[in-house]
Amino acid sequence: MSGSGHERGKAVLTTLPGLLLASAVAVSAYGLRHLPGLATFSPLILAIVIGIAFHNLIGTPAVAKAGVVFSMRRLLRIAIILLGLQLTISQVIEVGGRGIGIIAATLIATFAFTVWMGRLLGVERKLAQLIAAGTSICGASAVIATNTVTNASDEDVAYAVACVTVFGSVAMFTYPLLPGLLHLDPHAFGLWSGASIHEIAQVVAAAFQDGQKSGEFGTIAKLSRVMLLAPVVITLGLMARGTSKSEQSSARPPMPWFVLGFVALVGVNSLITIPAEAKMWIVAVTTFLLTIALAAMGLETDIRKLLAKGVRPALLGALAFLFIASFSLGLIKLIG
């Protein structure tokens with residue numbers, strides 16, 4: 001008993017330096033958001049940028065390795081499970097059958113298009129899958145969740161996060177200019193924003209520019225899209241297992257059981273009314289844990305390897321963005 005306690009204590013001490021470093025980067029990201037022009041960026045994005053800068057300019061100490069890996073793996077899974085407490089089944093119902101159909105069809109078509117186009121452009125399969133997940137589901141959170149089953153390199157993850165950040169930001173600034181030009185009422189514009197813009201924060205920023213009704217519906221539509229993260233990650237996990245068996249590999253890609261925890265908490269949140277103050281704390285803790293995970297990802301990213309990937313993945317991100325924007329708009333005009 002004392003032996004196991006000693007081992008646990010040793011593990012905690014080994015993990016602590018990297019965990020503290022990733023947490024410090026995350027706190028810095030929150031601080032940077034108070035500077036002019038940076039408030040529109042989520043702390044997740046700023047954290048990975050600071051982490052990359054620290055790793056490449058100063059260097060991540062070897063003593064921090066264990067804690068950084070812990071932050072990228074364990075804390076990420078906890079955060080994704082907690083993300084379930086921000087969603088309810090009633091929100092999905094509010095979007096309606098046609099709305100959910102548009103969101104689901106857009107997600108599937110965008111993911112398939114991006115992976116296919118990645119093959120044509122010669123982008124590595126794992127990186128193409130990460131860009132596909134980030135574009136079609138929910139930005140950086142989807143990229144790092146999908147990587148639990150694709151097992152891509154940290155540079156691939158950083159590149160995919162950069163892609164969805166850049167093109168999601170383009171959408172955030174351009175969408176509010178388009179409702180009148182495209183003849184979209186608040187409901188249609190909210191649905192378009194929620195179905196096609198990358199990050200939740202970017203959807204909120206864009207949709208509320210067209211008024212309260214548009215903003216609220218855009219947020220609900222986006223959260224409904226986030227709920228589809230679970231089946232996508234589980235499907236990719238099963239596909240990865242099938243591939244490893246067909247190749248007779250001894251490595252078995254992990255089954256993302258934490259996604260089932262996410263689904264379970266969606267159920268809990270649908271059945272039990274969580275007080276507003278508690279919900280506010282849950283959202284804050286979830287975002288902070290995700291920010292630490294992204295900070296850790298940055299602390300593991302070598303920018304030279306990132307640059308070596310060239311412009312083709314960036315072109316893939318641009319084409320995926322154009323596809324999701326036009327495909328979802330076409331469906332809304334047709335059946336929305």
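Start by selecting F113, W116, F323 and F327: ring pairs link these residues into a cluster. Rings of Phe, Tyr and Trp (its six-membered ring) count as a pair if their centres lie within 6.5 Å, and the planes are called stacked under 30 degrees apart, edge-to-face over 60 and tilted for the rest. Before going on, note that this is a predicted model, in which local features need pLDDT of at least 70 and side-chain atom pairs count only at pLDDT 80 or more, while totals for chains, interfaces and linings use all residues. Residues are numbered from 1 along each chain as its sequence is written, and side-chain values use heavy atoms, with hydrogens and water left out.

**Aromatic pairs**

How many aromatic pairs does a search of the whole structure find? The search turns up seven. Zoom in on F113 and F323, a stacked pair with 4.3 Å centre to centre and 5 degrees between the planes. F113 sits in helix α4 (residues 89-121) and F323 in helix α15, so this pair ties together parts that are 210 residues apart in sequence. Helices here are DSSP runs of H or I with at least four residues, numbered from the N terminus. F113 and F323 are both buried (buried is under 20% relative accessible area, exposed is over 50% and partly exposed is in between, with a 1.4 Å probe and protein chains only).

Now pick F167 and F321: their ring centres are 6.1 Å apart and their planes at 20 degrees, so this pair is stacked. F167 belongs to helix α6 and F321 to helix α15, so the pair ties together parts 154 residues apart in sequence. F167 is buried at 16% relative accessible area, and F321 is buried at 9%.

H198 is in the loop between α8 and α9 (200-207). Is H198 buried or exposed? With a relative accessible area of 0%, H198 is buried.

**Two loop residues with positive phi**

Next, colour N151, in the loop between α5 (125-150) and α6 (154-174). Phi of N151 is near 55 degrees, a positive value in a residue other than glycine. Most residues other than glycine have a negative phi. N151 is partly exposed, at 43% relative accessibility.

Then jump to H183, in the loop between α7 (179-182) and α8 (186-196). Its phi is also positive, near 55 degrees. H183 counts as exposed, at 69% relative accessibility.

**Out on the surface**

L271 is in helix α12 (residues 257-271) and, at 77% relative accessibility, is exposed.

**Last stop: confidence**

Finally, colour by pLDDT, the predictor's confidence in each residue from 0 to 100. The chain has a mean pLDDT of 85, and 93% of its residues reach 70 or more. Which helix has the highest mean pLDDT among the elements of the chain? Helix α15 (residues 312-335) does, with 95, while helix α11 (residues 229-246) has the lowest, 74. Over residues 247-254, pLDDT stays under 50, and the model has ten contacts beyond four places in sequence for this stretch. Where pLDDT is low, the predicted coordinates should not be read in detail.

Technical notes. Contact = heavy atoms within 4.5 Å.
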